[in-house]
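Hi,

Here is the structure I promised to pass on. Have a look at it first, and my notes follow below.

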Amino acid sequence: MYWIALAVSAGYLVLLILARKQVPPAETASLLKPFYKMALYLYKKLGNRLPGLFSSPQVERDLISLHPGEAREYLKTEYYGKKAAICLAVLFLGTLFGAAAKFSAMGSVILGEDGSVARGSFQDGAREIHIETDYGQQQMDFRMEVEPRLLSEEETERLFEDFMERLPEYILGSNESLQNVTSDLKLDAKYGDFPISVHWESSNPGRLSDSGQIFSLEEEEAVTLSFRLTYGSLEREGTLFVILRPPVLTREELLHRELEEMLRKSQEGSLDRDEWTLPDKVGEEDIHWRQVVEDNSLILWAVALITAVAVFPFLDRDLHGQLEKRKKLLRREYPEIVHKLALFVGAGMTIRGAFQKIAGDYEEKRKEGGRQLPAYEEMLYTCRELRSGISEGLAYEHLGKRTGLQEYIRLAALLAQNLKRGSSTLLERLREEAEKSAQERLQESRKMGEEAGTKLLMPMVLMLAVVMAIIMIPAFSNM
């Protein structure tokens, strides 16, 4: 993971140097500006070589519809630059977190190359070490407790009584009680957080070993376990009585137990030293230990990489969703606009004058902090086209094409036809259009209400179930 993080960081550094002259938009967040520079550089360099990566007809149509009048290339550069910047930022952060996870995992390594395990102080408590080894053709792993340094005698005296009370439940393992032992007991040298060493001695090692392992049982047998508690120079002794039942162990389990017993004895012999050297041989066979640590760095990096790649299509989908939302707002505002046109034309205004009046009033409200409405923005754009010298009929046709909605195309055709041929029935047709659009809006509102009712059905059913439970549970409890 370190090599991946180093390679990614070097790549970002080179990109940042190459993109130093790129200028991101002023509204770009400060933390995103370096990534925006790199994204702009990649877009300009790869746009011509890999047109499919930064080109989509649907995306271009959506951008033009959402930002009428803006230059197509400017819109593409801004959109793809922002999208690529987000992807680069996600990948960089994922790599950073992956490297941090790797560093954290390596920070928990306490097994040295020479087979020595570093001990902590008593205040640090016991630490678990997960190690594995290759023994012949087999690979086995172990989880061991690395004990801290021994404490003074004065600190241990008051712990003995409490520890002896809890000792029977500590050694049970998966057994129900000491009178019904069907699997190996946990006769360890340490238990829980107690800084006390325990030495076990079985009255019948052929049936129950000093490490709690059961051997060759054909029938139930009672065994006495003697224990000696030691901490520093203080000792306590006691006995426990157990009834054994035959265990069933495989050859691999027996070998595992043997190695585990070696590890336990090896640790007991090094409690007064700063390091615990693991056994390096079993008989004539050399063994080598490896510590197993949880390392999720590559997973984090892979998730970041997948997320960065997934951002591309999801942002396109979000852009199309914005366009669909804009179309809904255009349809919702259409009846109001047609009604205003009919009102102003009926008052004696020309179509052009009515357009300018409606757009002018909206512009004044926007300056005072009013809400931005896409239909009125389109009318403002149409008025600017008229002021720039575009013919009135062509400006209305442009309005219909920009919206891409049948309602506005129909209105544009009506207005353009009135300019070309003249029509004494324009006011009447505008009123009919206003009434028709109002009916369509009413039907749309009803449809939205029905959809909302359907969505609320499940929460209502859940609320009903809760109410029924509140009523019925007390009633049944009192029966």
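Let me start with the aromatic side chains: Tyr12, Phe35 and Phe92 form one aromatic cluster. Rings of Phe, Tyr and Trp (its six-membered ring) count as a pair if their centres lie within 6.5 Å, and planes under 30 degrees apart are stacked, over 60 edge-to-face and the rest tilted.

Before going on, some ground rules. This is a predicted model, in which local features need pLDDT of at least 70 and side-chain atom pairs count only at pLDDT 80 or more, while totals for chains, interfaces and linings use all residues. Residues are numbered from 1 along each chain as its sequence is written, and side-chain values use heavy atoms, with hydrogens and water left out.

**Aromatic pairs**

The structure holds 11 aromatic pairs. One of them joins tyrosine 12 and phenylalanine 35: the ring centres are 6.2 Å apart and the planes are at 75 degrees, so this pair is edge-to-face. It links distant parts of the chain, with tyrosine 12 in helix 1 (residues 2-18) and phenylalanine 35 in helix 2 (residues 33-46), 23 residues apart. (Helices, H or I with at least four residues, and strands, E with at least two, are DSSP runs numbered from the N terminus.) Tyrosine 12 and phenylalanine 35 are both buried, where buried means under 20% relative accessible area, exposed over 50% and partly exposed in between, using a 1.4 Å probe and protein chains only.

Phenylalanine 142 and tryptophan 289 also form an edge-to-face pair, at 5.5 Å centre to centre and 65 degrees between the planes. Phenylalanine 142 lies in strand 3 and tryptophan 289 in strand 10, so the pair ties together parts that are 147 residues apart in sequence. Both phenylalanine 142 and tryptophan 289 are buried.

A contact here means heavy atoms within 4.5 Å.

How many bridges pair strand 2 with strand 3? There are 9, in the antiparallel sense, and strand 2 covers residues 127-135. Among the facing residues, glutamate 128 has glutamate 145 as its bridge partner in strand 3, and isoleucine 129 stands opposite methionine 144. Strand 2 and strand 3 form a hairpin with 2 residues between them, and glycine 136 in the turn has a positive phi of about 65 degrees.

**The sheet with strands 4, 5 and 6**

Another open sheet of 3 strands has the order 4-5-6, and its pairing is antiparallel. Strand 4 and strand 6 (234-244) are at the edges with a single partner strand each, so one side of each has no neighbour in the sheet. Strand 5 is joined to strand 6 by 11 bridges, and leucine 225 has leucine 240 in strand 6 as its bridge partner.

Serine 209 sits in the loop between strand 4 (197-202) and strand 5 (221-231). Is serine 209 buried or exposed? Serine 209 is buried, with a relative accessible area of 11%. Not counting residues up to four places away in sequence, it touches Leu187, Ser202 and Phe215.

**Nonpolar cores**

The largest nonpolar core has 31 residues, and Ile351, Phe355 and Leu430 have the most contacts inside it. (Such a core is a set of buried Ala, Val, Leu, Ile, Met, Phe, Trp, Tyr and Cys residues joined through side-chain atoms within 4.5 Å.) Its largest share, 8 residues, comes from helix 7. A second, separate core of 26 residues includes Leu172, Val181, Leu187 and Leu229.

Finally, cysteine 383 is found in helix 9 and is buried, with a relative accessible area of 2%. Its contacts include Phe355, Gln356 and Ala359, not counting residues up to four places away in sequence.

Cheers

Terms used
Pairing = 2+ DSSP bridges.
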